[in-house]
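The sequence and coordinates come next, and the description follows them.

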Number of protein chains: 2
Amino acid sequence: MKELKSIAVLAGRFGMLPGVGRKTALRYAHAVIDMSEQDVDAFCAALREVKKSVKLCSVCGNFTDDDICDLCRTRQKKQICVVSYPKDVAAIEKTGAYDGAYHVLHGTLSPMNNRTPDDLNLKPLIDRLDGVDEVIIATNPDVEGEATAVYLARLIKPFGIKVTRIAQGISMGSELEYADAVTISQALGRRTVL
Amino acid sequence: MKELKSIAVLAGRFGMLPGVGRKTALRYAHAVIDMSEQDVDAFCAALREVKKSVKLCSVCGNFTDDDICDLCRTRQKKQICVVSYPKDVAAIEKTGAYDGAYHVLHGTLSPMNNRTPDDLNLKPLIDRLDGVDEVIIATNPDVEGEATAVYLARLIKPFGIKVTRIAQGISMGSELEYADAVTISQALGRRTVL
């Protein structure tokens with residue numbers, strides 16, 4: 001049986017969301033049919049409102065509904081933590097372990113995918129290095145994140161600013177048995193004295 | 001960090017979809033921010049269109065954009081396969097193993113959740129039993145699906161119509177080791193002679 005065209009179209013839209021395959025997209029589309037008309041209207045309104053009201057902070061690039069985000073307004077500016085995406089800011093904030101400022105690159109360097117430094121939110125970072133003591137690079141510990149970290153370190157060190165990288169090793173609560181070889185060898189190479 | 005209000009609202013909407021938790025909903029909401037305005041408009045249009053154009057077939061209760069669905073128009077009516085939801089019709093159609101008609105209940109009986117026969121699409125099924133040889137009950141093999149099957153069998157048999165139930169046992173390609181106890185004992189109890 002062919003799915004009805006309107007269901008297939010909506011499933012196609014859901015399929016544009018991250019990690020949503022064909023089956024899940026269809027499941028979501030079917031769920032929409034079961035929603036009340038008010039709920040569908042509210043869903044649309046929420047989609048449009050997010051697109052309309054969420055902007056990027058002109059200082060750090062994080063999501064904001066103002067010109068400058070709350071974090072940029074309230075945090076100490078001696079430390080800047082550089083991340084790839086706004087969701088990484090949220091992940092770090094949840095820990096409560098950091099009280100400095102952030103900078104969101106909106107991507108990583110990836111020669112394979114033709115993403116060069118020009119595609120990153122870099123210039124505003126350089127413009128705000130005055131008076132900064134430390135830049136903490138918190139891109140993901142994968143190939144692209146590492147490449148981005150190395151590039152940033154080379155770019156920022158000449159300003160006489162300390163550049164650090166978040167620690168890599170075995171995750172808390174995980175088991176050595178299931179860690180991949182690179183993680184284990186990194187954890188060995190970066191072992192600390194007790 | 002609090003999420004921006006508009007992001008939280010949209011995440012709440014995504015959270016109404018089946019199987020979407022808080023983290024996934026937020027991930028979807030962030031993805032919408034990265035979409036182009038055209039894509040968001042198209043997403044809204046698709047949501048509204050599905051709600052507007054998809055109706056339930058007045059005969060079988062399956063999704064249709066007409067008064068009567070394609071399957072009801074084209075299939076032999078000697079057999080009616082009764083399923084809980086439209087997605088189950090799609091699953092059976094994909095096999096190509098069935099050429100009869102369907103009937104969609106839009107639910108199962110569930111005393112626990114206060115779902116009684118009145119909540120199911122039952123009357124149209126009784127109204128179309130004339131000339132039917134067999135009703136195949138293809139509700140899920142769980143407690144609610146079984147209860148619904150038993151109820152339907154009692155309801156339909158007095159019309160002198162054969163009522164059958166899809167077979168239960170170990171799934172093709174699965175391993176006995178991982179099958180649950182109920183499935184294994186059902187498979188033993190319903191063993192067939194080779």
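A search of the whole structure finds 18 salt bridges over all chains, a salt bridge being a side-chain nitrogen of Lys or Arg within 4 Å of a carboxyl oxygen of Asp or Glu. One of them joins the side chains of A:Asp41 and B:Arg48, at 2.6 Å from N to O. This pair crosses between chains, from A:Asp41 in helix H3 (residues 37–53) of chain A to B:Arg48 in helix H3 of chain B. Helices (H or I, at least four residues) and strands (E, at least two) are DSSP runs, numbered from the N terminus. Side chains of opposite charge can pair when their charged atoms come close.

The model is predicted: local features need pLDDT of at least 70, side-chain atom pairs count only at pLDDT 80 or more, and totals for chains, interfaces and linings use all residues. Residues are numbered from 1 along each chain as its sequence is written, chains are lettered from A and ligands numbered from 1 in the order in which they are written, and side-chain values use heavy atoms, with hydrogens and water left out.

**How the two chains are related**

Two copies of a chain are related by a rotation about an axis and a shift along it. Here, chain B is superposed on chain A by a rotation of 180 degrees with 0.0 Å of shift along its axis, with an RMSD of 0.0 Å. That is the relation of a two-fold axis. The superposition is by least squares on the C-alpha atoms of residues with pLDDT of at least 70 in both copies. Of the residues of chain B, B:Cys44 comes closest to the rotation axis, its C-alpha lying at 2.6 Å.

**The interface**

Chain B gives 48 residues to the contact and chain A gives 48 residues, where contact means heavy atoms within 4.5 Å. The copies meet through the same surface, because 100% of the interface residues of chain B are also interface residues in chain A. The two chains bury about 4700 Å² between them, 73% of it on carbon and sulfur atoms. Buried area is the accessible area (1.4 Å probe) that two parts lose on being put together, summed over both.

Across this interface there are 4 salt bridges. There are also 11 residue pairs in polar contact, both residues at pLDDT 80 or more. A polar contact is a pair of N or O atoms within 3.5 Å; within protein, one must be able to donate a hydrogen and the other to accept it, and residues adjacent in sequence count only if both atoms are side-chain atoms. On the side of chain B that touches chain A, the elements giving two or more residues are helix H1 (5–14), helix H2 (22–34), helix H3 (37–53), strand E2 (63–64) and H5 of chain B. The largest share of that side, 14 residues, comes from H3(B).

**The sheet and its helices**

In chain A, an open sheet of 4 strands has the order E4-E3-E5-E6, with parallel pairing. Two strands pair if DSSP finds at least two bridges between them. Strand E4 (101–104) and strand E6 (162–165) of chain A stand at the edges, each with a single partner strand, so one side of each has no neighbour in the sheet. The twist averages 25 degrees from one strand to the next. Axes are lines fitted to C-alpha atoms, for helices over the stretch in contact, and angles run from 0 to 180 degrees between N-to-C directions.

Strand E3 (residues 79–83) and strand E5 (residues 134–137) of chain A run parallel and are joined by 4 bridges. Within this pairing, A:Cys81 stands opposite A:Ile136 in E5(A).

| Helix | Strands crossed | Angle |
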